[in-house]
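I set out to record, entry by entry, what I looked up in one structure.

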Amino acid sequence: MRVGRVSWLLPVALLAACTAGPSERPAIVVNDGDPGPPATTDAGPQPLPPLGEPKNQAVRWAQCGPEVTDRLAKLAPPASLKIDCGRVNGVLDSPYAPGRGTMRMQVLRVGTGPVPLVVVNDVDGLPSTLYAVKLAMTLSPDFLTKFSLVGLDRRGTGNSDAVRCVPEEVRDELVALDPRASDVTAWVDLARTAGQQCTLALESRLPAIDSWRTAADLESARLALGMERLHAIGHGEGSRVLSVFAERYPNRVGRMVLDGVPDPNEDAAVTLAGVAEGADALFSAFAEECARRACELGTNARQALTEVLSAEPLATENFDLTPGIVLRGVLAALPDRQAWPALSKAIADARSGVPDGLAAFAAPVVQETDELPAMFDGTLVTRCNDTRGRLSTAQMEATAKDWNTRYPVFGGLTAQWLALCSPWPVASHPVTQPHAESAPPIVVLSTATDGVTPHAGTQHAAQQLTSAVLVSWQGTGHGALGMSPCATDTVYGFFSDGKIPRDGTVCPP
């Protein structure tokens, strides 16, 4: 269906009629107040544990099915990479049935090493299974003979009970809105309808898709892998899940690397302002690199993007390239420096009337297919379940106008998240603030110009984690592992030899 301005806002009266009569489904989710298991049993940080090897592993590894291989084909991994797939059973743990209900999670193993490193990616990025393969393609073959990367599709994403709850018409209209217009009322109205429909579609699953319960999925994965300790890599927002795991299960923490961590500040406006600033800075870095290599956009990539945003939306088979979709496509590609040549060509093509490149970047985010849900749905549910506090309409309008001025590329798009989570039907139950006071040393990597997990936020998160040691890469992109030789060597030494880097280590660009 082509994106357009459609009138699909579901009347509240109709929603009430649909839910009339006996039902076990509550209309509004309440905070279950579950504090989880005791955070710690030991005082003070623990020493770095030995690696160990799996015992009584329960995962049945086998050849991956087409639901995975079709996606892997786009990454084009070399034939030398050994890849297997499996499943892990987890506990849904809805507030309506604490500790009950089951869910099956997709895992993928890449490499031949006996020691598994569980990999968790951003909720709005590649599913963790695919990210594990992409990461493995940047690492030393020797490393993958000692370790295997085990990507775990986090709940609500990929092949782990992926979320499909926002009706196509609502999603189409919402993502098509021009975020530069600061039309907060339209954002909130559509977000309210999306939340109502997700309540109907997901029922008790809705409040169970968050970072707190995803951390428990990692414990299920640890047990299934037969490991005494969880050794893991978190990328971007996926690092928050690992830090929550370290808070909940400090005595099960092995060797962990957090490659970019979201700012733990509970004020969503503060953390999102940092993201908007970081995303605009990353686009500026892209523009400078584009000019240096004499790319298709010439010396002013920002002007080229402005021309695309100001032109009449280009039609594709499935949607129109409205400003909202253009910006989402650019933002999806920008964190991966390897995608920059394709991104500059896509913007240049769109300026010339050819939409295919930008449409390809945006499609996984905004478009649902028979095989895959739109990434937007799982991101919406997880982010809003994790978000604390709600702003008034006046506050959101003022913030959107301010950010559109201060961060002219992505300020408005980032401000939309304040509105999208404002009418969310799940009562505020924010992510716990991880300190992990008795966890062993945890390596935290930051990137100087990161549009997803900005350096300042990652630094703040490292300061809050008691045993964290910070390694800062003075580079550009989202994530230092596999991109910075210095940071990558540091991670190798940490995992392989137990070498803990000096806190405050700086890696050159």
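The entries below follow the order in which I looked things up.

**Entry 1: the model.** I note at the start that this model is predicted.

**Entry 2: aromatic pairs.** I looked up how many aromatic pairs there are, and I recorded ten. One of them joins Phe147 and Phe495, with 5.9 Å centre to centre and 55° between the planes, and this pair is tilted. I then asked where the two residues lie in the chain. Phe147 belongs to strand E4 (residues 147–152) and Phe495 to helix H18 (residues 485–497), so this pair ties together parts that are 348 residues apart in sequence.

**Entry 3: a second pair.** Next I turned to Phe283 and Phe410, whose rings lie 6.4 Å centre to centre. The angle between the planes is 75°, and I recorded the pair as edge-to-face because that term applies to planes over 60 degrees apart. Phe283 sits in helix H9 (residues 268–292), whereas Phe410 sits in the loop between helix H15 (393–406) and helix H16 (411–420). The pair therefore links distant parts of the chain, 127 residues apart. Phe283 has a relative accessible area of 0% and is buried. For Phe410 the relative accessible area is 0% as well, and Phe410 is buried.

**Entry 4: a ring cluster and a charge.** I found a cluster in which ring pairs link Phe143, Phe147, Tyr492, Phe494 and Phe495. I also looked up Trp417: the charged end of Arg383 sits over the ring of Trp417, 4.3 Å from its centre.

**Entry 5: H9 against H10.** How do H9 and helix H10 (residues 301–310) pack, and at what angle? I recorded an angle of about 110°, with the axes 9 Å apart. Because angles from 65 to 115 degrees count as roughly perpendicular, H9 and H10 are described in that way. On the H9 side, Asp280, Phe283, Ser284, Phe286 and Ala287 take part, and they meet Ala301, Arg302 and Leu305 in H10. By class, this contact has five nonpolar, one polar and two charged residues.

**Entry 6: helix H5.** Is helix H5 (residues 168–176) mostly covered or mostly open? I found H5 mostly covered, with seven of its nine residues buried. The buried residues in H5 are Val170, Arg171, Asp172, Glu173, Leu174, Val175 and Ala176. I then looked up what covers them, and the list includes helix H6 (184–202), helix H11 (323–333), helix H13 (356–366), helix H14 (375–386) and H16.

Definitions and conventions. Residues are numbered from 1 along each chain as its sequence is written. This is a predicted model: local features need pLDDT of at least 70, side-chain atom pairs count only at pLDDT 80 or more; totals for chains, interfaces and linings use all residues. Side-chain values use heavy atoms; hydrogens and water are left out. Rings of Phe, Tyr and Trp (its six-membered ring) pair if their centres lie within 6.5 Å; planes under 30 degrees apart count as stacked, over 60 as edge-to-face and the rest as tilted. Helices (H or I, at least four residues) and strands (E, at least two) are DSSP runs, numbered from the N terminus. Buried means under 20% relative accessible area, exposed over 50%, partly exposed in between (1.4 Å probe, protein chains only). A charge sits over a ring if NZ of Lys or CZ of Arg is within 6 Å of the ring centre and within 35 degrees of the ring normal. Axes are lines fitted to C-alpha atoms, for helices over the stretch in contact, and angles run from 0 to 180 degrees between N-to-C directions. Angles under 35 degrees count as roughly parallel, over 145 as roughly antiparallel, 65 to 115 as roughly perpendicular and the rest as oblique. Contact means heavy atoms within 4.5 Å. Ala, Val, Leu, Ile, Met, Phe, Trp, Tyr, Cys and Pro count as nonpolar, Asp, Glu, Lys and Arg as charged, and the others, Gly among them, as polar.
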